[in-house]
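Please read this briefing beside the sequence and the coordinates. It goes from the chain as a whole to its cores and then to single residues.

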Amino acid sequence: MIQKQLSNEEDVKHWQDELRLVLGEKPLHVLDVGCGPGFFTIMLARLKHNVTSVDGAEGMVEHARINIKKEALNAKIYKSDAVLLDNEKEGSLDAIVSRDVVWTLYDPEKAFIRWKYLLKADGKIVIYDGDYRRDQSSLRYHVLKLTSDLINLFMEGKHRKKKQHNSPGNGFEQLPMIRHKRPQYDRELLLKAGFSKVEVTKDCFRNSPLHLEFWRYGYQGKKFRIIAYK
């Protein structure tokens with residue numbers, strides 16, 4: 001999966017430019033929370049940042065280690081709970097980044113408090129996520145979902161069997177972020193956690209029908225970017 005992402009020049013260029021924009025040119029100590037197979041880890045390492053990456057699944061950690069090695073890049077990668085982050089030190093990080101992770105957190109309020117604690121005085125967190133709170137019944141949703149399934153079948157040779165985020169019985173309906181309107185709820189929790197400023201913008205790239213990612217995942221909900229400053 002990650003090899004397809006890395007071979008997509010448009011996506012790679014977008015994320016390199018985007019991360020350069022939000023983090024700047026200077027090498028920083030960055031924590032990639034919920035790194036999965038390591039796409040963001042690779043993007044950050046290519047930009048010369050000092051990257052630490054964590055994921056709650058041992059399998060994803062192993063995939064990320066393999067993928068970062070294939071790229072001949074360096075990053076510290078280990079298994080950790082995204083809310084607790086027990087191995088990180090207070091005031092040690094310039095930035096914390098995540099993509100499509102916050103919606104899965106079992107306690108986002110506790111996570112934001114912990115993440116702020118780990119940042120340096122001028123640190124920030126950068127969140128790329130979406131309003132994945134419920135399945136839609138509109139015609140738009142069904143058209144996008146059908147299109148996504150067809151693209152998935154064509155690209156991967158298989159039909160998507162994965163349950164939707166809040167399908168009955170899969171546990172997702174119990175997640176706090178799915179029960180609230182986002183990104184409004186994110187902003188509320190971040191300010192409550194003590195962040196001095198919270199900037200919320202639409203994720204124009206992932207929300208645009210000009211890009212493949214929209215047709216593959218646009219049915220899930222509107223995407224956004226949040227930058228919260230300590």
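Predicted model: local features only at pLDDT ≥ 70, side-chain atom pairs only at ≥ 80, totals over all residues.

Residues are numbered from 1 along each chain as its sequence is written, and side-chain values use heavy atoms, with hydrogens and water left out. The chain comes to 9 helices and 7 strands, taken as DSSP runs numbered from the N terminus (helices H or I, at least four residues; strands E, at least two). Of its 230 residues, 53% count as buried, where buried means under 20% relative accessible area, exposed over 50%, and partly exposed in between (1.4 Å probe, protein chains only). Among contacts (heavy atoms within 4.5 Å) between residues at least 6 apart in sequence, 71% join residues at least 24 apart.

**Strand pairing and crossover**

- Strands β2 (residues 50-55) and β3 (residues 76-79) pair in the parallel sense over 4 bridges, pairing being assigned if DSSP finds at least two bridges between two strands.
- Within this pair, Ser53 stands opposite Ile77 in β3.
- Together with helix α4 (residues 58-70), β2 and β3 make a right-handed β-α-β unit, a crossover being right-handed if, with the strands pointing away from the viewer, the path from the first strand over the helix to the second runs clockwise.

**Nonpolar cores**

- The largest nonpolar core has 33 residues, and those with the most contacts inside it are Val33, Phe112, Trp115, Ile125 and Phe195; such a core is a set of buried Ala, Val, Leu, Ile, Met, Phe, Trp, Tyr and Cys residues joined through side-chain atoms within 4.5 Å.
- Two or more residues of this core come from each of β1 (29-33), β4 (93-99), α5 (108-118), β5 (119-130), α7 (184-192) and β7 (223-229), with the largest share, 4 residues, coming from α5.
- Apart from this core lies another, of 28 residues, among them Leu23, Cys35, Leu47 and Ile227.
- Not counting residues up to four places away in sequence, Phe112 touches Val102, Ile125, Ile127, Met177, Asp186, Leu189, Leu190, Ala193 and Phe195.

**Helix α7**

- Tyr185, Asp186, Leu189 and Leu190 are buried in α7, and they lie on the same side of the helix because they cover an arc of only 130° around the axis, the arc being that of the directions from the helix axis to the C-beta atoms.
- The cover over the buried residues of α7 includes α5, β5, β6 (197-202) and β7.
- Gly194, which follows α7, has a positive phi, near 105°.

**Individual buried residues**

- Asn67, found in helix α4, is buried with a relative accessible area of 6%, and a polar atom of its side chain lies 2.9 Å from the backbone oxygen of Pro37.
- Leu93 has its place in strand β4 and counts as buried at 0% relative accessibility; Leu93 and Trp115 are 22 residues apart in sequence and 9.2 Å apart in space, C-alpha to C-alpha.
- Arg225 lies in strand β7 and is buried, with a relative accessible area of 16%.
- The side chain of Arg225 makes a polar contact with the side chain of Glu18 (2.8 Å), that is, a pair of N or O atoms within 3.5 Å, of which, within protein, one must be able to donate a hydrogen and the other to accept it, and residues adjacent in sequence count only if both atoms are side-chain atoms.
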